[in-house]
Amino acid sequence: MHYELNLSFALLFFCLFGASYVSASDDVSTLIKEVSKASNESLLWGPYKSNLYFGVHPRIPKSLVAGLMWTRVDSFSTVQENFRHTCEQSEGMAGYGWDEYDIRNGGRQTIHDTGNTLDITIDFIKVPGGAHGGGWGVRVKGVPREDAHVEQPTMMVFYAGLEGLGTVQVQNELDPLGHEGDVRLAGETPELGSFAIDVTAGPPSNQHPLHNHPSYAEKPLDRTFVTSLEIPAENIWQTKAIFLSQLKPEVDAYVAKYGTDNLPPPPQIFTIANNPGEGSIHFVQKMFQGEFEFDILFSSGSSPQPVTSESVTEGIKSATKSFSDRFEKVFAPLAPFNTPEYVKFSKSMLSNLVGGIGYFYGGGLVDRTGAPEYEEQDEGFWEDTAEARARATPFPEEERELFTCIPSRPFFPRGFLWDEGFHLIPVIDWDIDLTLDIVKSWLNLMDDDGWIAREQILGLEARSKVPPDFTVQYPHYANPPTLFLILEVFVNKLNSQATPGGDWHQQDLGENIRSVHLQNRELAIAYLRSIYPLLKRHYFWFKDTQWGDVKTYDRKAFSTKEAYRWRGRDVQHILTSGLDDYPRPQPPHPGELHVDLISWMGMATRSMRGIAETLGEKEDAEEFEAYETAIARNIDDLHWDDKAQTYCDATVDDYEESVHSCHSGYISISPFLTGMVGPESPRLKPILNLISNRDELWSDYGIRSLSKGDELYGTGENYWRSPIWININYLVLKNLYDIATAPGPHRDQARKMYSDLRKNLVNNVFNEWKKTGFAWEQYNPETGGGQRTQHFTGWTSLVVKIMVMPDLTVGKGSHHDEL
Ligand SMILES: *[C@@H]1O[C@H](CO)[C@@H](O)[C@H](O)[C@H]1NC(C)=O
């Protein structure tokens, strides 16, 4: 069986790469290399500058950047006010994002720009072929919105810059009036080889502003203008400011020539100088009137054929079709969401999650002073640590790369550790190999101690979006270890496969490249083996740094070791827990034990055990199993409160006695959320009752973060003190499902709650999306309204997964439900 599988692999790669024959078992490493190479080529290009409305970058540090900027030009003020580049919440968009997007092929983004009374459609298509990851094409279409003037003038700017070694230059002959027809940039970098970028004139239907002012003759607006500049590589990302600075001398020259009472009209006055040549950045400017369309075509010198407008047209068709086909197969919503409206919604949510994936490169700021205060062992430690932090000088770390989903393009365009485990839950169903690539990218950020910074602010561009107080990372701060969550999903998929490798007779790497690691067990094992030392290092870093004190306070527990405390808390926050302002023991105490952290560790341990078992690491598996048992026992021994009938943090009172600090909500049910409360547990019933109680956690829109009955409900910053969060609701739902589909005394209650919650969640996120054009960071428990960060297509996109979770209301209780 195994032999055949490998043989088909070898043949496949022989055909695809013309590689030398790989014998059945001697050379998994060749296979790994070939798959990695093919995968890298497939993932090389993308709109990986997802902080921009549209920005392309390869997965190569300091390389080519390309993007779009635009504005309406019907008055002298709109250019300053409406010039679009980075995604911003304040720009009054009526929705934007990817309606369909697949990282292997491309997709379509639409932007509803009310401020510019313009709707823009951007198709991005990958064209494989050649040694350098192939080429890509972009089709840009603009249509004035209903309330626009039909002759509305729009300025579109395409730019291409180089942040590292190489050259790019304009190929067209200099025409002092501006370029007619297509503009071609040609360049070369060490990693990309040679390439050309054509910016087409577009179809003859394109109209351009026309006017009688004498300035027109010197620079007719049906031409394309190109300015090439030599800008230091580290400033290229400030593209908008650089471009705007180029407008000023032109405006000044018009004013000098014609005087303020005879100025050219706005589309004329805001043209850039036609000054093409060599440079580290090139701006290609077009002025349109009414509807318009043009293409940007990137051809690699190593590709057999250049990318043309015709290939883009074809590519759009086939990308749309393959996206729809695959969506139908993987994410077609189940009842009652199996209607065209929900399909559209789900496609958009999935596409924005995957279309938001970014490639980052740079050095994050880290405080490695290791001040003794950071041990947090004294009472009043939060004041001492604040002083130590203020004294410290953080330094940028060595530059690193990160390939990651992001929570929100306008507001959180960077990597967040605990978000990522949730992001990858829908992604792994869509593209397993992509998921494994992303997990590895994160694990590669780990330092020698096993620490991964919870927020990845790599480089100046990323840092520009972060308030100064939050830019520094601390190597004693943790974050919920959700990467173990996704690895558990992967290992379960791997081990539950009936016929591994069944699909491999198709010689179509294009589709198979999403799941090579599932289809070939040797590859999967090799992958797990390659990350296993990192995972262990990370796991034991948690144990070593986030331990909680059982002995000093004479706590009665099964194990004296398995207890945990988040480091980095202050009076009102434990930012490291992810649930920033959720109520915690007051005042903070070094003897605290945090129930959410021990629960996360229970999940991480279970995940590690599964990986160790899969790898045949018997001793390790036994060790993890022992930890798992101890954690499960300690969760009950240290954190269950009989009076409150829920799990609680533990702290130490004025008499040095260990006591509970109870606040019902996400933290108090964290053992349930992480799968640590089984169907037979005597704690299950009170937890289900708490979740389903309308006076506590239940609302018509999802599960509240804090009980309505808590004295701190809705108070202070009210970030995690009432609002509904989709990531935690997904965990509630998943665990309800597990209870509802296993034998146990609370099966029926769980089934009813599961069905109701699933509907409430999807309906509300959908309704708000329809109403506002956006997914939101959190939802109001009283009204369901989306709130805080807009365009939050990170873990809110879990609705995609929720819509394909089975509808248990069908045939209620009358048959066995199996996934
Ligand atoms: C693929 O890319 C990753 C990440 O950039 C790199 O570590 C790896 O060596 C590449 N693989 C091959 C075969 O080039």
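Predicted model: local features only at pLDDT ≥ 70, side-chain atom pairs only at ≥ 80, totals over all residues.
1. Helix 2 spans residues 28–43 and helix 16 spans residues 521–545. They pack at an angle of about 85 degrees, with their axes 10 Å apart. The two helices are therefore roughly perpendicular to each other. Look for V28, L31, I32 and V35 on the helix 2 side. On the helix 16 side, the partners are E522, L523 and A526. By class, this contact of helix 2 with helix 16 has 6 nonpolar residues, 1 charged residue and no polar ones.

2. Helix 7 and helix 8. Helix 7 covers residues 309–331, and helix 8 covers residues 340–355. Their packing angle is about 100 degrees and their axes are 12 Å apart. That makes helix 7 roughly perpendicular to helix 8. Helix 7 brings F323, S324, F327 and F331 to the contact. Helix 8 brings V343, S346, K347, L350 and S351. The residues of the contact of helix 7 with helix 8 divide into 5 nonpolar, 3 polar and 1 charged.

3. P336 sits in the loop between helix 7 and helix 8. The peptide bond from A335 to P336 is cis, with omega near 0 degrees. Most peptide bonds are trans. This one deserves a look on the display.

4. Helix 10 and helix 11. These are residues 417–430 and residues 432–443. The angle is about 160 degrees and the axes lie 8 Å apart. That makes helix 10 roughly antiparallel to helix 11. The crossing of helix 10 and helix 11 is left-handed. From helix 10, the contact takes in L417, E420, L424, V427, I428 and W430. From helix 11, I432, L434, T435, I438, V439 and W442 meet them. The residues of the contact of helix 10 with helix 11 divide into 10 nonpolar, 1 polar and 1 charged.

5. The second largest pocket. Its volume is about 1,100 Å³. How many residues line the second largest pocket, and which lie nearest its centre? The lining has 36 residues, and R454, E455, F470, L575 and D580 lie nearest the centre. By class, the lining of the second largest pocket has 17 nonpolar, 13 charged and 6 polar residues.

6. Cavities. The structure holds 4 cavities of 30 Å³ or more. The second largest cavity has a volume of about 80 Å³. Its lining includes S577, L579, D596, W600, Y666 and I667. S670, L673, T674, I728 and L731 also line the second largest cavity. Which helices each supply at least two residues of this lining? They are helix 17 (595–614), helix 19 (670–673) and helix 21 (726–740). By class, the lining of the second largest cavity has 7 nonpolar, 3 polar and 1 charged residues.

7. The loop between helix 16 and helix 17. P587 lies in this loop. A cis peptide bond joins Q586 and P587, with omega about -15 degrees.

8. Backbone at E656. Most residues other than glycine have a negative phi. E656 is not a glycine, yet its phi is positive, about 60 degrees. Where is E656 found? E656 is in the loop between strand 23 (649–652) and strand 24 (658–661).

Definitions and conventions
Residues numbered from 1 in each chain as written. Heavy atoms only, no water. 1 Å grid on protein atoms, 1.4 Å probe; cavity = no way out; pocket = protein on both sides within 12 Å on 5 of 7 lines; lining within 4 Å. Points joined across faces, edges and corners; volume = space filled by probe spheres on them. Nonpolar A, V, L, I, M, F, W, Y, C, P; charged D, E, K, R; others polar. Axes fitted to C-alpha atoms, helices over the stretch in contact; angles between N-to-C directions. Helix = DSSP H or I, 4+ residues; strand = E, 2+ residues; numbered from the N terminus. Parallel < 35°, antiparallel > 145°, perpendicular 65-115°, else oblique. Left-handed = near helix turned anticlockwise from the far one by under 90°. Contact = heavy atoms within 4.5 Å.
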